[in-house]
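Subject: Structure for you to look at

Hello,

Here is the structure I said I would pass on. Please open it beside this email and follow along.

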Number of protein chains: 2
Amino acid sequence: MTNLEQIRPFFEPSSVAVIGASPIITKVGYVVLHNLLMNKEKWIFDGEIYPVNPKYAEVLGVKCYPSLRSIGKSVETIIIAIPAQIVPSVMEEAAEIGVKAAIIISSGFSEVGNVKLEEEVKRIGLRSGIRIIGPNCLGVYDPYSGMDTLFLPEVKRLSSGREVVATPRPFPGSIVLISQSGAFGAAALDYMAGHGIGVRCFISLGNRCDVAEHELLLYFSEDKKTKVNLLYIEGIGNGRGFFEASKKVSTLKPIVALKAGKTSAGARAAASHTGALSGVDQIYGAVFKQSGIVRAMNLEELFDMGRALNLQPPAHGKKVAILTNGGGPGIVAADTCEESGLSVVKLSDDIINRFEDLKKKGELLPIMANSNPVDLTALATSDMYVKALRILLDDKDIDGVLVITLPQTPSILDDVIEKVADVSMEQKKPVVACVMGGTEMAEEFRVRFEKSGIPSYSMPERAARAIYSLMEYGMYLGKLH
Amino acid sequence: MTNLEQIRPFFEPSSVAVIGASPIITKVGYVVLHNLLMNKEKWIFDGEIYPVNPKYAEVLGVKCYPSLRSIGKSVETIIIAIPAQIVPSVMEEAAEIGVKAAIIISSGFSEVGNVKLEEEVKRIGLRSGIRIIGPNCLGVYDPYSGMDTLFLPEVKRLSSGREVVATPRPFPGSIVLISQSGAFGAAALDYMAGHGIGVRCFISLGNRCDVAEHELLLYFSEDKKTKVNLLYIEGIGNGRGFFEASKKVSTLKPIVALKAGKTSAGARAAASHTGALSGVDQIYGAVFKQSGIVRAMNLEELFDMGRALNLQPPAHGKKVAILTNGGGPGIVAADTCEESGLSVVKLSDDIINRFEDLKKKGELLPIMANSNPVDLTALATSDMYVKALRILLDDKDIDGVLVITLPQTPSILDDVIEKVADVSMEQKKPVVACVMGGTEMAEEFRVRFEKSGIPSYSMPERAARAIYSLMEYGMYLGKLH
């Protein structure tokens, strides 16, 4: 049995037992059982579900078993939500009945100094072959299989009595998110749901006593639904395994990583959080570089890059053109591109000649300067965008284009969105969009760009970092060939 | 007459003439006249309004004059929206009838190489004493006086026929925004409106042939409604004037500046945009530092810092505590604080003793580590936040607190918002909040924090940079005494 076959039961179990199942709505054992039963009712989850808790004969209308053993059937995966001290005894029982995978949500292990207890659990897993996610984690959310161990409620009640969405589940998509931190993971799911970013699978690893990032990366590299991997890392346990796996996976699918604990204060905090040794930041930088991982510098960027790599092809080089109808935002984008190591190239003679031709024909404005950023000016129309973008993408010295459309000027109409998207398909070069503004029109532009396959951002710096990720990843792929 | 008395007519004119007034809805002269007439009808604007255009006898129901001279009454301020070539003749006429201020919206001057034309306009201004904003600008938006020369429509029609808000006007507030770039300015107003940030006044300077940032800073430093100044700068013309003015103003009111054109690509773009020499970036850094200007590194940060300085007091030092219910986001915040030069201090013995006391009483959790970030864990309640925050703010070694409340955990309730706000009032130390997430609950938390006087951010890095601005500005003030 290869490792990857060991990983499947976490996501597509034929049967699960919820250890600590409870009828009390505030308990983890209630929320997890409720999630699974609901998904079963909706025909999303199709495994058997066994509540386990000696206190109850029935939970949520389902027969509840006093112990794992008493189920009397084979159980593939267990979800553990009971006090830390009694986890080893449950694991022993699981070993006896041939359980394959355990998601240990319970906290109270190495993160609070109970290192021996965690070692004991780990040993049982190693001995019996039970693979473990956790402890001290949120577990797994897979919208395709309906496996959902997140114990955070989807809805919360405000003091005013009003119910509001609290931890929504994002819709099915093609981005895998692997997070050491549960809190970050929960906030990340909320962010993805709120911003319409679909998720292939979410995994919160917690103390990571067994299953770590590398095995998950390998597992999803063979998964057809996965397009991009996002990692939130505080520290790596198995450095060699991580390096080898990410080198292999990143030739197939991009990996973006956010490494927390960069500074001494952050590293101290990471140590007391998940017991992770965050190590020297430069080492991580070097490992990421060598294994083709694109590094995100902050949380927002992790998703910004994820969206870019999900929608657009990687670039063959780092020469970027910026096309805009506003000078200021173009300058800011140029700054960020150069600061990221991209090259905001001077326009070739060929491009300038073609621009001049169109100026003569009245199809581009005579006041438009032949420089990069290409500023179409506040009088730009959708057709000028189409013509200029085609010329830029045609040029062999340009590897990708950052398109800024400020929707506030009178002359720009919303048909620019689909027109830009159409032209972007003519070449296999990445195009990203920036639409600044906080109200209706800007929001409409951003959503429709995204639906047309062009990732869009509210700030030029964010768009610049997004195209950087496509160029950085593309350059890595290029070096391999 | 001092300079500041010369500036008032731009914002509170007793009478304005709109040169190039037009009944055609797509013309600048229509939008500007329409803005002013609407504001007059709503009793916001109380100056006289004279449309000027030889083509029409009446525009928008108001008598239209063939020339400035033909008005036959004194005109304090003119707004010019006619082709560049005929601007000098209008300026000559304005000089004859004693106009005090001109906002030249027209483009086609030095930004496209017509340097001589701009020089000519400038000379007329100098000779006659007419002060000039522009050319090639959006002009002014003052929600208190109703002066609104923005020619961008508030509403636009999509190709589907649906009307959407395009360039909304933010509500009256206490933030002054001075922008060289008009496009950036328009997008910024849209951002402020969409994010509920009030504006005291917005000024787009364009080519800046006369009035520059320094006189505006001095003008608003004496204005009771102004609390914070935000600058978007591509380059400074009058370096000495800018330095002297900002040194003076920043002792009274904070200034945050975003300098675009940091890299060579950005600088090239700035030169062709508003003809600005963006100079060596390090020089700007030094000038900002010496004159007490807080430097924002990107557009979002400009507003993030503006909101922080608008709502919270500056700090007396740079020692920051981070209070959180999620480990990961705490680590990320600690990283950004340290990278910004703040000190994420170790907790004093006094704080640790007080924490331990509360742990014994069961008012804080025993598993909570006595380290900074202070991680109350996912089980944190509102009362734990109150108690820990009070202890941190009481400590003489802590100058400000960054509070992270992840609303996704079951134990945290929304009353934490007002409770944290109440405790933050007990000491004159800044408190900022981070609430991660993209859906209802997170949004509700952020809005209510802001309404309670605590600036709130969706990402820990942004909150960290916000408290940095309060510490950086406070340290500058401290050095002066």
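Predicted model: local features only at pLDDT ≥ 70, side-chain atom pairs only at ≥ 80, totals over all residues.

Chain A can be superposed on chain B by a rotation of 180° with 0.0 Å of shift along the axis, and the RMSD is 0.0 Å. The two copies are thus related as by a two-fold rotation axis. If you want to find that axis from chain A, look for Glu300(A): its C-alpha is the one in chain A nearest the axis, at 6.0 Å.

How many residues are involved where the chains touch? On chain A there are 77 residues in contact with 77 residues of chain B. Several elements of chain A each supply at least two residues to this side, among them strand S11 (163-165), helix H5 (182-194) and helix H15 (440-451). The largest share comes from H11(A), with eleven residues. Sorted by class, the side of chain A that touches chain B has 38 nonpolar, 24 polar and 15 charged residues. Of the interface residues of chain A, 100% are also interface residues in chain B, so the copies meet through the same surface.

The sheet in chain B

Strands of a sheet pair through backbone hydrogen bonds, either parallel or antiparallel. In chain B, seven strands form an open sheet with mixed pairing, in the order S9-S8-S13-S12-S14-S15-S16. Strand S9 (147-148) and strand S16 (293-296) of chain B are at the edges with a single partner strand each, so one side of each has no neighbour in the sheet.

Within this sheet, strand S12 (residues 172-179) of chain B pairs with strand S14 (residues 228-233) of chain B in the parallel sense, over five bridges. Val176(B) stands opposite Asn229(B) in S14(B). Helix H5 (residues 182-194) of chain B lies across S12, strand S13 (199-204) and S14 of chain B, and runs at about 160° to S13(B).

A pair of helices in chain B

Helix H3 (residues 87-96) and helix H4 (residues 115-128) of chain B have axes that come within 9 Å and cross at roughly 5°. That angle makes H3(B) roughly parallel to H4(B). On H3(B), the contact is made by Val87(B), Pro88(B), Met91(B), Glu92(B) and Ala95(B); H4(B) contributes Glu120(B), Val121(B), Ile124(B), Gly125(B) and Ser128(B). By class, this contact has six nonpolar, two polar and two charged residues.

Regards

Definitions and conventions:
Residues numbered from 1 in each chain as written. Chains lettered and ligands numbered in written order. Pairing = 2+ DSSP bridges. Helix = DSSP H or I, 4+ residues; strand = E, 2+ residues; numbered from the N terminus. Contact = placed C-beta atoms within 7 Å. Axes fitted to C-alpha atoms, helices over the stretch in contact; angles between N-to-C directions. Nonpolar A, V, L, I, M, F, W, Y, C, P; charged D, E, K, R; others polar. Parallel < 35°, antiparallel > 145°, perpendicular 65-115°, else oblique. Least-squares fit on C-alpha atoms with pLDDT ≥ 70 in both.
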